[in-house]
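Student: I have a structure open and would like to understand the words used to describe it. Could we go through them together?

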Amino acid sequence: RIRADSQTAMTPIIMLTAKTEESDQIVGLELGADDYITKPFSPKELVIRLEKLLEKRRREDLNGMIIHELRNRISAMGAYSQLLEKSGDEIHEEDRERYLNSISGHAAFSNDIITGVLSLADPATGELAVTGAGSDAVAAALEVVESFKDIASGKDIAVNFSAESGLPAVDAHPAVLKQIMLNLVGNAVKYTGKGGRVDVSVKADGKMVLFKLADNGSGIP
């Protein structure tokens, strides 16, 4: 039942039981348990198995995240390629250059994910050792917004950007900060219908820097 529920399908499960027959172990594992420990058991062994199971799950989560990010970037490059293809010889040189720059930018983002995020990941655990690097949140947000403007224009979506001046650098890794912004803006453009709007702003919020996004598309209000 746990495995059948989409909300708990990926929950790690260890069976700790007095059923010691090999046939019982096989049934337990076939039903979806990640590990099977029989009584009497060693608490130390149980902790070690739990730690290894969690490490495995974190590595899987990291791999899934990287695949998700690369898929988003490839989709964006595909969208710009289609714009170029549909425009044909009628496209203005300025638009052609902008589309090509956008494709190049998403290719660079992909490289950032592969080289940046993987370099932050602990290969043994899959955890991200993210440290602050004094990132410029306004520059990152503007770059992300610009990378989606043409796709939004193709759907007649207005993308508005505003930022306060003189904001301090934020304590975040540049690649990860940009990755979060790419997901938020990309989803907003993707799920906002024709004629909609996406508003992006960066401003001071006490000692914090607030990145705010709002749209009138489907999903989260």
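Tutor: Gladly! Let's start with a cut-off: a residue counts as buried when its relative accessible area is under 20%. Keep in mind that this is a predicted model.

Student: Then why is Tyr 99 called buried?

Tutor: Tyr 99 has a relative accessible area of 11%. Buried means under 20%, so Tyr 99 is buried.

Student: And what makes Tyr 80 count as buried?

Tutor: The relative accessibility of Tyr 80 is 0%, and because the limit is under 20%, Tyr 80 counts as buried.

Student: How do you know that Tyr 80 and Tyr 99 form an aromatic pair?

Tutor: Their ring centres are 6.1 Å apart. Rings pair if their centres lie within 6.5 Å, so these two qualify. The structure holds one aromatic pair.

Student: Why is that pair called tilted?

Tutor: Look at the planes, which stand at 45°. Stacked would need under 30 degrees and edge-to-face over 60, so the pair is tilted.

Student: Which parts does the pair tie together?

Tutor: Tyr 80 belongs to helix H2 (residues 43–87) and Tyr 99 to helix H3, so the pair links parts that are 19 residues apart in sequence.

Student: What makes H2 oblique to H4?

Tutor: H2 and helix H4 (residues 137–154) pack at about 50°, with axes 10 Å apart. Roughly parallel needs an angle under 35 degrees and roughly perpendicular needs 65 to 115, so H2 is oblique to H4. The crossing of H2 with H4 is left-handed.

Student: Which residues meet there?

Tutor: From H2 come Arg 73, Ala 76, Ala 79, Tyr 80 and Leu 83. From H4 come Glu 146, Ser 147, Phe 148, Lys 149, Asp 150 and Ile 151. The residues of this contact divide into six nonpolar, one polar and four charged.

Student: Finally, how do you know that Ser 201 is buried?

Tutor: Ser 201 lies in strand S4 (residues 197–205). At 16% relative accessibility, Ser 201 falls under 20% and therefore counts as buried. Leaving out its neighbours within four places in sequence, Ser 201 is in contact with Ser 162, Leu 210, Phe 211 and Lys 212.

Conventions
Residues numbered from 1 in each chain as written. Predicted model: local features only at pLDDT ≥ 70, side-chain atom pairs only at ≥ 80, totals over all residues. Heavy atoms only, no water. Phe/Tyr/Trp six-rings, centres within 6.5 Å; stacked < 30°, edge-to-face > 60°. Helix = DSSP H or I, 4+ residues; strand = E, 2+ residues; numbered from the N terminus. Buried < 20%, exposed > 50% of the residue type's maximum accessible area, 1.4 Å probe, protein only. Axes fitted to C-alpha atoms, helices over the stretch in contact; angles between N-to-C directions. Parallel < 35°, antiparallel > 145°, perpendicular 65-115°, else oblique. Left-handed = near helix turned anticlockwise from the far one by under 90°. Contact = heavy atoms within 4.5 Å. Nonpolar A, V, L, I, M, F, W, Y, C, P; charged D, E, K, R; others polar.
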